[in-house]
Amino acid sequence: MNKIKVFITILLAFNIYFSDLLSEEKINNQIYKNLRCIVCQGQSIADSNSDFAQTIKSVVNDKLSEGMNEKEVYHFLSEKYGDWILFDPPVKKKTYLLWSLPYIFFVIGGIAILFIFKKVLKHKKY
Amino acid sequence: MISEFGNLTVVLSILTSFFLIIFSIIELKNNNSYPSIKLRNFSILQLIFTNLSFLTLLMGYLISDFSIENVYENSHTEKPLLYKISGVWGNHEGSLLLWINVLVLFSFLFFSKNFKKNKKFQLLTLIFQNILILGFFIFLFATSNPFNKIFPIPSEGLGLNPILQDPALAIHPPLLYLGFVGSSIYFSAALASLISRYNGKDFAIISKPWVLVSWIFQTLGILVGSIWAYYELGWGGYWFWDPVENSSLIPWFLMTALLHSILVLEKRSGIYLWVVVLSILTFTMSVTGTFLVRSGILNSVHTFANDPTRGLYILIFLSAMIFSSIYIFYKYSPIENRSFNLFSKEFFIIINNWFMSFFLITVLIGTVYPIFLEVLTSQKISIGPPYYNAILAPFLIPLLFLMAYGPTTSWIISRQFKTKKIIYNLFLSIVITSIIILTINQKNFLINVLLIASVYLILQNIIGIYKNTKKNSGKPSTPNLASAISHVGFGLLIFFISLNSVTSVGHDLNIKAGEKKSLENFDITLEELKVFNEKNYKKFVGNIVVLNKKTNNIERLKPEIRIYKNPETITYEASIRSNIFSDTYVTMSNISKSEFYNIKFQKKPFMNLIWFSTILIVLGGMLRLISKKI
């Protein structure tokens, strides 16, 4: 049993070791997917055929070749078109609740469950 | 003529619903042990009238009676028969009529199936259900009557939006409605159960098949919607966390939670009130979703003609539903004695509910947050796939492990966590996953752990069923088999979605007719363009040849640009070569003022297996529904 546990640890470590950030060739597509085509209905830049999407794609490519990283590209575009263009809402004052509420509810749920099982935990030994 | 008859059936249906409520209230006070035959007859009449009104509208569509405004606005004589039929629910008024038909159908089935059960509970359920029916009928009649006439009678109709002219989309709304609206019956039953102080266990037994039925249809409805999005919308995706998709997913989470906790309630008390809350919430969320979509607050393909009075009516109706439910809940809820053992089956089901609630709340927040933000600060933000992936995906990992471990535990008596049970399968799944990761050269950590967890879930269930079969002399017990099939389906779904997300390839090319473009592994040639005239549209078909340089395999694809006449619209039809393991997906669009065409070439692995996994999930539910010993 212990041998297996050791094996699992090694393999997990191996998995973590091989995990890496996204490779660079994919970065353009990755960025397109995270941008809203603001003239379309609920489509991303990657999915849209519109002229607007074509323009944004070439802007993204230019900015990347100028040496901007992914975050800087998002920042640049949101300055120009507003946060509406980003599918990944940046963490700001107006989105604190958006990013924290799910976790807050999760913790509240956990506490509620603890409450149900409190009796059991108190009175019985395991 | 059709219009008058339609209006008559609607009025008759409203009257029967009204009388059903009155008679039920009267019968509540008498001492008979069963509801009277009169009530049953009335509920049959109600079913007949409501179905008739639907069939009348269908007839209007079939014979293209353009004196009916609804038919004029959404149909056309040249439309193929299938889309004349599906056109009935391809618009707000008709789909509302379908919605009411489902309400009435479930009311009738529930009432006749449980005729001999507790009378007070039966009558109260009937009353609540008919209040809903009446509410929606009045909504239909006052703001959205599909039988309104138009004069002078137009000679031709306006036609149906071409992207809605699709077989998958023809059956998508009825399936979803059976799910969405099917949940109304346990909403009514839950309120009735509280007031009649019905036994929790009996309530669980009575409502379980209805929860299962609605869950099955909801799952199928979502599946068909995704398939439609994949084939028709032309971006090669199948789920975009679009607010409208979300509003079908929220009830699904609730139904899934309910499905699991009802199993606990059948066996033991302690979570009756929670089950009641879930039952009430499911239908409430279904109506909320409809409100958000129909009022035009959310803008999407699902939004039909916007009309503020409609939104207002649903909002008032919804508030009335919520407040009266809260009132009934606090007035009548009994005191419960809760005691559970750690690591028993019920413990894990409660954990399941915890996760489902988390998923539901996240999706709900993501859907309504931008609306509130815009109203309060007039700032617009988008919440798309990255948000949901970031928050939800990590939580799938513990969920998958718990789904694997939970079903192996026993009711009530299990008290300890057994490491031995999981260690071998875990080892095996890490080995399998490592091989897969090396083969596809995959480097995303989160995806790797998701793969391990889903493989583990699949293995654990398959081995579990094998053991169960041996123990029961060759035949596994049906409930075990059903849950194993659904859980394996879910494991496969997460497994293939994860793999699909990291192995999909997409390329964007601008190309002239006759030109060839070379990519890393493929050569893509646009050979020529042909123009065809079809019955109600004109199409440009591109002949595209894809050469796989590794295997020398050639695929021919024919994406289309369609120009529809009624109404005049341009659509882009994807061309898909579908195999078990991988799809080739090509769309084509013209670039204005140039002879170039924009070709989007995508390789989408495991699409068919994603659909198949979802079907497995549904099959488990169906098996559970038809098995005698449920």
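In this model, helices α8(B) and α12(B) are roughly parallel to each other (angles under 35 degrees count as roughly parallel). The model is predicted: local features need pLDDT of at least 70, side-chain atom pairs count only at pLDDT 80 or more, and totals for chains, interfaces and linings use all residues. Residues are numbered from 1 along each chain as its sequence is written, while chains are lettered from A and ligands numbered from 1 in the order in which they are written.

**A pair of helices**
- The axes of α8 (residues 183-195) and α12 (residues 308-332) of chain B come within 9 Å and cross at roughly 30 degrees; axes are lines fitted to C-alpha atoms, for helices over the stretch in contact, and angles run from 0 to 180 degrees between N-to-C directions.
- Helices here are DSSP runs of H or I with at least four residues, and strands are runs of E with at least two, numbered from the N terminus.
- B:Leu191, B:Leu194 and B:Ile195 of α8(B) meet B:Ser325, B:Ile328, B:Phe329 and B:Tyr332 of α12(B); contact requires C-beta atoms, placed from the backbone, within 7 Å.

**Where the chains touch**
- Chain B brings 48 residues to the contact and chain A brings 43 residues.
- On the chain B side, α13(B) gives the largest share, ten residues.

**A sheet in chain B**
- Four strands make an open sheet in the order β1-β10-β9-β8, with antiparallel pairing; strands pair if DSSP finds at least two bridges between them.
- Its edge strands are β1 (505-511) and β8 (575-578) of chain B.
- Nine bridges link β9(B) to β10(B), and B:Met588 has B:Ile599 of β10(B) as its bridge partner.

Note on methods. Angles under 35 degrees count as roughly parallel, over 145 as roughly antiparallel, 65 to 115 as roughly perpendicular and the rest as oblique. Two residues are in contact if their C-beta atoms, placed from the backbone, lie within 7 Å.
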